[in-house]
Amino acid sequence: MKTNEINIRDPYVLLHQGRYYLYGTRSETCWGEADGFDCYVSSDRENWEGPVEIFHRPEGFWADRAYWAPECLACNGGFFLITTLGSAECKKGIHVLYSTSPLGPFVPWGGQLTPPDWSCIDGTVYLEDGTPYLIFSHSFEDNPLLSPGCEVRFNKASSIISLGGAVKSPGVYQPLAGQTLYQVIESYGDGLLNSADERVISVSNFQNGQYSARQLSMEQAKSYVPADGDSINITSGSQAMPYVTITGALSASSSSSLAAASRINYNFIPGETALQLVRNIAPRLLATSDTSAIYILRGSQKIHVDASAALTSAEIGDIYLEQGDIVVIPFSQLTVTVTGAVRNPGSFTYVPDRNTDYYIKVNNSSGYDTLSRTYNVTVTTSGSGSQ
């Protein structure tokens, strides 16, 4: 038969001498009376022979239900079936069946491995350095909170706090009485993020119409016990860093190409220069950003920064950023001025690879004035004055 035709629960596969032996809980007797275990055999894990009954409950055998989760362990030339067994009179427990073949027949071997007053299921064996360890589940039947007829009561929390900011698990928590803020951060919040500034922990509260706030360090948090209603925020390192404001010809994000003026705050590392800033914000610069005319407003000062070479060299410059600086990136002012005997003289936006006719005709609708001498057009280059 095929794998998808086998109807069992809790499957377990043993590979022995090139063949696969599949064990499991019989689905049809999983929840009622049961009397045995089966095995399927395959050489490719797709096509199987069986089922072969490897254990059948002997006459008078105590276990009559919960024949669950058999796992076969090959050890010292024998085969040990680690399984769950139970009855109406006894709690389920982990037992061992033994055979000299993976196909049985298996017989009971020894007594119950788990405590008789515990309900235990799904045993497995882990071997380390030749020593076997039994691992199993202590079943929910022994949980007093889930016993039939129990009444479950939850006491009102003595304090409820919120924890946010640069912490791994932000949320609303109910700390135990006497727990310090440090313990709350470590146990409930799973510790600080790498970006956290341990010097700045903000604690605020609003009780009975009164607002209070304090600032703690992580060291001080070891002795501070949060009050009911505390709102705690762990400051990130970037929040504590100095910043400058950048405005002008840059996009609001690195993925935007909008040519409108934007304004962003930029956190910098003390000792960072203006050229390094330009290099760091390069993805935000626009085609119309004039990097040669950048300037910094610092109080009453206006400091010019020629950053035109910042994107093509490793130069860092000697203009260091300071808290409160405003960095202005102007738009490029590229224009062509048309004057003389034209219908609409003025300055027009420069378009690369266009000749004089473009600016005279396109930007002036009808182009030349009727009195113009079209054979005498002079082009003067800005700066050099050449014609």
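Here are some questions and answers on the predicted model shown above.

Me: What kind of model is this, and how are residues numbered?
Reply: It's a predicted model, in which local features need pLDDT of at least 70, side-chain atom pairs count only at pLDDT 80 or more, and totals for chains, interfaces and linings use all residues. Side-chain values use heavy atoms, with hydrogens and water left out, and residues are numbered along each chain as its sequence is written, from 1.

Me: What pLDDT does the protein chain average?
Reply: pLDDT is the predictor's confidence in each residue, from 0 to 100. In this chain 89% of the residues score at least 70. The average is 85.

Me: Which element has the lowest mean pLDDT?
Reply: Helices (H or I, at least four residues) and strands (E, at least two) are DSSP runs, numbered from the N terminus, and this chain comes to four helices and 22 strands. Strand β3 (residues 36-42) has the highest mean, 97. At the other end, with a mean of 64, is helix α2 (residues 237-240).

Me: Is serine 159 buried or exposed?
Reply: Serine 159 sits in the loop between β10 and β11 (161-165). Leaving out residues up to four places away in sequence, serine 159 touches Tyr173, Gln174, Pro175, Ala227 and Asp228. Its relative accessible area is 10%, so serine 159 is buried.

Me: Is glutamine 17 buried or exposed?
Reply: Glutamine 17 lies in the loop between β1 (8-16) and β2 (19-26). It isn't a glycine, yet its phi is positive, about 55°. With a relative accessibility of 73%, glutamine 17 counts as exposed.

Me: Where is the proline that is joined to glycine 104 by a cis peptide bond?
Reply: The bond joins glycine 104 and proline 105, with omega about 0°. Proline 105 is in the loop between β7 (93-99) and β8 (107-108).

Me: Which element gives the most to the lining of the second largest pocket?
Reply: On a 1 Å grid over the protein atoms alone, a pocket is an open set of points with protein on both sides within 12 Å along at least five of seven lines, and lining residues have an atom within 4 Å of a point. This pocket is lined by 13 residues, with Leu73, Phe80, Ile82, Val125 and Pro132 nearest its centre. Elements giving two or more residues to the lining include β5 (65-75) and β6 (78-86). The most, three residues, comes from β10.

Key: 1 Å grid on protein atoms, 1.4 Å probe; cavity = no way out; pocket = protein on both sides within 12 Å on 5 of 7 lines; lining within 4 Å. Buried < 20%, exposed > 50% of the residue type's maximum accessible area, 1.4 Å probe, protein only. Contact = heavy atoms within 4.5 Å.
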